[in-house]
Every structure is written in structure tokens, then in C-alpha cells.
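Trainee: I would like to learn how to read a protein structure, feature by feature. Could we go through one together?

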Amino acid sequence: RQLKGNVEAIHATLLQDNARLGTLDADMSSNISNISKVNVKVDEQRIANRRTTCFQCMTVLFVTVFFFGMFFLMRVFGKAPIILKVEAPIFSPHGGKVFEGGLDVTITSKTKAASILYTLDGSHPGGRGAVVHTASTPLALAPYVGAEKKQCVVEVKAVARAKGMQDSPVVSAH
């Protein structure tokens, strides 16, 4: 009897242990299932992050290529020429004064290698009647017509011109 009681006690303990193990198995299965769900979510997030990172890289690459491409195209094909302007002619002596007798006038420009075109009749100096002036030879203006002295007003208009540059503005002196 005592042996039978001991066996029944051991059997009852084994049943309780089995019940506890069953509960632990269920808990463990539930936890494993939860861990699997978390792992799936983590994997999905990693994939989304890779897509985002890839998209960001592609965007940065596209913007960089676009701007450098536009810069290159502007430099090569769309380069607006820089047009330099010739400095305006300078009269020496300046106009506006009354001189008796003849007067030598020099017309120069601060732009080196500029040709000076001038007229004495008030017409545009870039036209057909213009005369090319060299700075080394002064322009001699004489107030005489034949042998008689006569007071006259001479309007000198001049423009400076150089190869590859925009003409200067027309200036005049009386």
C-alpha cells in the first residue's frame, strides 16, 4: 500500500509537471510566434529603408547630374559672348571755347588699338563720309575761308572702333 501511495503521488506530480510543461510549451509557442511576427516586421522595415535609401541616392545622383550637365551645356553651347565696349573718344582741347586763329585738335581713346572715325559736318561718324583719325596727327581746324578771316563753328563728331569690340558712343565737340 505504501508503495501504491508513493506511485500515485509520483504519478500526480508527473501529471502536474506535464500540465506545467504543456503551459510552458504553449507560452513558448506563443512567444516564438510573436518573435516571428516581430522578425517579419523588422525585415519589412529593412526593405523599406533600403528602398528609401536607394531612392534618396538616385535623387541626389539625378540632381547632381542635372545641374552639372546644365552647367556644362551652358559653358559649351549657351555661352553668351562677352562684348567689350570701346572707350569713348576724348578731344584735346575740349570743345565749347572760342579760339582765334587755327586750332589743332587731337582725338584719342583709352582703348588701345582703337581707330577714331570723325566727321566735321555733324553727320554720324560711322557712315561713309567719316575720316579715320590717327592720334599722332592732330586735326587742324582753320577758321579761314580763302584769304578772309571768318568766324565759324565746327562740330566734330567722333566714334572709336576696335576689332571684336562694340563701338563707343558718339561724342561731339564744337
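This is a predicted model: local features need pLDDT of at least 70, side-chain atom pairs count only at pLDDT 80 or more; totals for chains, interfaces and linings use all residues.

Trainee: Which side chain does D17 meet in a salt bridge?

Mentor: First the general idea: side chains of opposite charge can pair when their charged atoms come close. Here D17 meets R20, with 3.2 Å from N to O. Both residues lie in helix 1, three residues apart, which is about one turn of the helix.

Trainee: How many salt bridges does a search of the whole structure find?

Mentor: The search finds three. Another of them joins R46 and D43, at 3.7 Å from N to O. These two also lie in helix 1, three residues apart, or about one turn. R46 is partly exposed at 47%, and D43 is partly exposed at 40%.

Trainee: Which residue forms a salt bridge with R161?

Mentor: That is D167, and the closest N and O atoms of the pair are 3.0 Å apart. R161 is partly exposed, with 33% relative accessibility. D167 is partly exposed as well, with a relative accessible area of 28%.

Trainee: Let us turn to rings. How many aromatic pairs does the structure hold?

Mentor: The structure holds two. To read such a pair, look at the distance between the ring centres and the angle between the planes: under 30 degrees counts as stacked, and over 60 as edge-to-face. F62 and F66 are stacked, with 6.2 Å from centre to centre and 25° between the planes. Both are in helix 1 (residues 2–76), four residues apart, about one turn of the helix.

Trainee: And why is the pair of F66 and F67 edge-to-face?

Mentor: The planes of F66 and F67 stand at 75°, so the pair is edge-to-face; the ring centres are 5.4 Å apart. Put together, the ring pairs link F62, F66 and F67 into a cluster.

Trainee: Are the residues F62 and F67 buried or exposed?

Mentor: F62 counts as exposed, at 59% relative accessibility. F67 counts as exposed too, at 55%. F66 is partly exposed, with a relative accessible area of 41%.

Trainee: Then where should I look for buried residues? Which residues make up the largest nonpolar core?

Mentor: The general idea is that in soluble globular proteins, nonpolar side chains tend to be buried together. In this structure, the largest nonpolar core has eleven residues, including V86, F91, V105, I107, V156 and A173. Strand 2, strand 3 and strand 8 (156–161) each give two or more residues to this core. Strand 8 has the largest share, three residues.

Trainee: Which residues does F91 touch?

Mentor: Leaving aside residues up to four places away in sequence, F91 touches V105, T106, I107, V156, A158, V171, S172 and A173.

How values were computed
Residues are numbered from 1 along each chain as its sequence is written. Side-chain values use heavy atoms; hydrogens and water are left out. Rings of Phe, Tyr and Trp (its six-membered ring) pair if their centres lie within 6.5 Å; planes under 30 degrees apart count as stacked, over 60 as edge-to-face and the rest as tilted. Buried means under 20% relative accessible area, exposed over 50%, partly exposed in between (1.4 Å probe, protein chains only). A salt bridge is a side-chain nitrogen of Lys or Arg within 4 Å of a carboxyl oxygen of Asp or Glu. A nonpolar core is a set of buried Ala, Val, Leu, Ile, Met, Phe, Trp, Tyr and Cys residues joined through side-chain atoms within 4.5 Å. Contact means heavy atoms within 4.5 Å.
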